[in-house]
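Colleague: I'm new to this one and would like to learn how to read it. Could you take me through it, feature by feature?

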Amino acid sequence: PTQTKSTIAVLPLHPIYKAKMNQFIQRVANYLANEIFIKGLAQSKTFQKFAVHTDKHIQKYKKEGVEHLNSQLDELHKQATKAAYSTASSNAARGGGGGGGTLKPPQRPMEGIPGFFNALGRVIRRDL
């Protein structure tokens, strides 16, 4: 007896059909994930407790972080102010402060070519 094999010819799908099929499968998967996982977790008392517990910890650490940052900034500000006043008072003690040790706002440097050469001269004198 002779056996005949029946073969089914599979035609390749056009890329547009593949894309539409992939979109359909993705929509089905998203729907199932939404129905099963998200709604299931939303109704789970255990997950709700976990979420509340986690949120409390996050808020606590956030608050502690902000407080720590503020305290560090305050300390930095105190040190900078202390350093600025000590510099001003040491300049006044040497006679270079002028005005009895009070802090003055910085003066605007000269502009243009004369300002450039003035600054260059100060840097050269400082380095010598």
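What follows is a short walk through confidence, helices, surface and salt bridges.

Colleague: Where do I start, and what is the average pLDDT of the protein?

Modeller: Start with confidence, since this is a predicted model. Where pLDDT is low, the predicted coordinates should not be read in detail. Here the average pLDDT is 80, and 77% of the residues score at least 70. Looking at the elements, helix 3 (residues 112–127) has the highest mean, 89, while helix 1 (residues 15–42) has the lowest, 84.

Colleague: Next, the fold. How many helices and strands are there?

Modeller: You count the elements, then read their order. This protein has 3 helices and 0 strands, so from the N terminus the order is simply α-α-α.

Colleague: How do I check the length of helix 1 against what it should span?

Modeller: Take 1.5 Å a residue and compare that with the distance between the end C-alpha atoms. With 28 residues, helix 1 should span 40 Å, and its ends are 39 Å apart, so the two agree. Still, look along the axis too: helix 1 has a kink of about 30°, centred on N34.

Colleague: And the surface? What share of the residues count as buried?

Modeller: Buried means under 20% relative accessible area. Of the 128 residues, 2% count as buried. The accessible surface comes to about 12400 Å², with 63% of that belonging to carbon and sulfur atoms.

Colleague: Which residues form the nonpolar patch on the surface?

Modeller: They are M21, F24, I25, V28, Y31, L32, I36, F37 and I38, and together they have about 960 Å² of accessible area. Take M21 as an example: it lies in helix 1, and because its relative accessibility is 45%, M21 counts as partly exposed.

Colleague: Last one: how many salt bridges are there in the whole structure?

Modeller: A search finds 2. For a salt bridge, you look for a Lys or Arg side-chain nitrogen within 4 Å of an Asp or Glu carboxyl oxygen. E35 is partly exposed at 30% relative accessibility, and K39 is partly exposed at 41%.

Colleague: What about E111 and R108, buried or exposed?

Modeller: E111 is exposed, with a relative accessible area of 56%, and R108 is exposed too, at 69%. Their salt bridge has its closest N and O atoms 3.0 Å apart.

Terms used. Residues numbered from 1 in each chain as written. Heavy atoms only, no water. pLDDT = per-residue confidence, 0-100. Helix = DSSP H or I, 4+ residues; strand = E, 2+ residues; numbered from the N terminus. Expected span 1.5 Å × (residues − 1). Bend = angle between axes of the 7 residues up to and from the residue. Patch = residues over 30% accessible without salt bridge, like charges linked within 9 Å, V, L, I, M, F, W, Y side chains within 5 Å. Areas by Shrake-Rupley, 256 points an atom, 1.4 Å probe, with all protein chains shown as cover. Buried < 20%, exposed > 50% of the residue type's maximum accessible area, 1.4 Å probe, protein only.
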